[in-house]
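Visitor: I have a protein model to look at and some questions about it. Could you walk me through it?

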Amino acid sequence: MHNPLDTYLKKHGVTQQYIVSDIGDIWLSDSGNICPPDIKNSSPPDKPHNSPSDIKNSSPPDKPHNSPSDKPHNSPSDKPYNSPPDIKNSSPPDKPHNSPPDIKNSSPSDKPHISPPGLGNISRKKAQEHLRGTIAVVIPLYDEFDYITATMDSLLQSFESCNRNYPVWILCVVNNKKEDSEKVRENNCRTITYLKKLQRHITERRLLCNSQALSLTLIDCSSAGYEIPSDMGVGYARKIGMDFALEQGAEILACLDGDTLVEKSYISCLQECATVVVNSRGAKTIRAWVTDFSHQKSESPEETEAIKIYEHYLKEHSEQLKLCKTPYYSVALGPTIVCSRDAYISCGGMNTKNAGEDFYFLQSLTKILGTAPGILHTTVHPSCRISLRVPFGTGRAVKKICEGERTIKEFTVYPHWIYDAIKKFIEVMEEYCKTPLSGSLLENELKKTQEGIYPFLEREKFFSAWDKLLANNKKTEQLQRAFHCWFDGLKIIRLIHFLE
């Protein structure tokens, strides 16, 4: 029988090798195959990137964990999941983190099943059911040690405030490239050390409370031999984490950044998304949502003012596009995006571009939804720090405003006549979808009524594309949806620049 997941992985899956650290075990994933290391025959680890020994030797709880079922389970702990006090001040290890000796050449066929502590002698597949969550929050981490502790604290506080109907799984993808500086590698090494300690703390709480409500997985794409390709960036790292969560059965995939704080309502909103999807089991559930956002304040008054200007521009532009009746009006900001597993598979997964991956991913989701994503009533708070890691985006915009490279006027919305022209064109095309004309006849009509937009449509070869849309979409609703797939967010941006 056709399996959408297998088809997706075959067509869009990454071939990146990376080390997966989960509940004290380290597994190597190569094109989606998870295999436990040959722990029995490998020498004792002396690198900081191996599993904590005290977890391996911990005694199992009195009762086994219960695997997730269709029924919601509530198992709040009697104590909060707060970070141990020594985690934040972790010093970096003396040596760089390298992969365990025998992992690279291990294979599923000749290695023993390694069960996490407290689960007893059960299969790896069954063990994974205990470790994974219905809700996966994926966080790519690159040079984020100074920010990740606050992000994780906000996530744990949000987890404490929610009804734990469905287990939550945090996946951190620590990544860098071979050519990255020693400073970046050292920062990532400190991040890994911190996450290992936090992972151990969460694991101990799980075992103590016989709870599977929260888990943390570390995916290492930073150690020697496991770095991401030179031409890839945050989109690729995000995709690695989201694809891994998908393979392990996550129903809700939430994007977050390592410098972004969440409100206490964040996990509760993800729980609501999971309820919608889980209650639809047996039927394809293509759903996507976005949260609201408000950037953190900076210690620098100039940076704080700059981010206010940029944020106002983003939200006002979004509102103007919404009035134009295009479905591509949501602000494309990585840590605001949430989707169901079916939506992720249907749109081809996360885009791997080095910058703008959130824009292209959100655009793909909007196309398969046929409408704008839903709204989650919670707010995430990205950092407003200056950053040059990508050629555009919040960090670079803040820098340009602060340094006078871009004026405040440049970050005001476009003239209203441009939005009016877009709105009029969409309204006209919605009508032509009801009483369609051939490409040549439509060209003659629009040449008369859309003088400003007509040269753009001609340049984009719209009229030949229109004939194809007509041939493949016989019903009005189908044709309208196909038109909006053609006149997408990227073409709207091109049109705006054409009209300026």
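Visitor: What does the secondary structure of the chain come to?
Guide: Keep in mind that this is a predicted model. The chain has 500 residues. Its secondary structure comes to 17 helices and 11 strands.

Visitor: What percentage of the residues in the chain is buried?
Guide: A residue counts as buried when its relative accessible area is under 20%. By that cut-off, the buried share of the 500 residues is 53%.

Visitor: What share of the contacts with a separation of 6 or more joins residues 24 or more positions apart?
Guide: Take the contacts in the chain with a separation of 6 or more. Then pick out those between residues 24 or more positions apart. Their share is 81%.

Visitor: Is strand E1 largely enclosed or largely open?
Guide: E1 covers residues 17-22. Of its 6 residues, 5 are buried. Therefore the rest of the structure leaves E1 largely enclosed.

Visitor: How many disulfides does the structure hold?
Guide: A disulfide is a covalent bond between the sulfur atoms of two cysteines. To count here, two sulfurs must lie within 2.5 Å. The sulfur of Cys255 has its closest cysteine sulfur in Cys339, 6.7 Å away, so that is too far for a bond. The number of disulfides in the structure is 0.

Visitor: Is Cys255 buried or exposed?
Guide: The cut-off for buried is under 20% relative accessible area. Cys255 has 1%, so Cys255 counts as buried.

Visitor: What span does helix H12 reach from its first C-alpha to its last?
Guide: H12 runs over residues 416-434, which makes 19 residues. At 1.5 Å a residue, the expected span is 27 Å. The model comes close to that, at 28 Å.

Visitor: Which helices are among those that cover the buried residues of H12?
Guide: The buried residues of H12 include Ile418, Ile422, Phe425 and Met429. In an α-helix, residues three or four places apart point the same way, because there are 3.6 residues a turn. The cover over the buried residues of H12 includes H8, H13, H14, H15, H16 and H17.

Visitor: Which side chain does a polar contact of 3.0 Å join to the side chain of Glu227?
Guide: Glu227 lies in the loop between E6 and helix H6. Its relative accessible area is 11%, so Glu227 is buried. The side chain of Glu227 also reaches the backbone nitrogen of Gly225 at 3.0 Å. The side chain joined to Glu227 by the polar contact of 3.0 Å is that of Arg185.

Visitor: How far apart in space are Glu227 and Asp180, C-alpha to C-alpha?
Guide: In sequence, 47 residues separate Glu227 and Asp180. In space, C-alpha to C-alpha, they are 9.7 Å apart.

Visitor: What is the phi of Lys325?
Guide: Lys325 lies in the loop between H8 and strand E10. Lys325 is exposed, with a relative accessible area of 56%. Lys325 is not a glycine, although its phi is positive, at about 70 degrees.

Visitor: Where is Asp143?
Guide: Asp143 has a positive phi near 60 degrees, and Asp143 is a residue other than glycine. Asp143 is partly exposed, with a relative accessible area of 26%. Its place is in the loop between strand E4 and helix H4.

How values were computed: Residues are numbered from 1 along each chain as its sequence is written. This is a predicted model: local features need pLDDT of at least 70, side-chain atom pairs count only at pLDDT 80 or more; totals for chains, interfaces and linings use all residues. Side-chain values use heavy atoms; hydrogens and water are left out. Buried means under 20% relative accessible area, exposed over 50%, partly exposed in between (1.4 Å probe, protein chains only). Helices (H or I, at least four residues) and strands (E, at least two) are DSSP runs, numbered from the N terminus. Contact means heavy atoms within 4.5 Å. The expected span of a helix is 1.5 Å times one less than its number of residues. A polar contact is a pair of N or O atoms within 3.5 Å; within protein, one must be able to donate a hydrogen and the other to accept it, and residues adjacent in sequence count only if both atoms are side-chain atoms.
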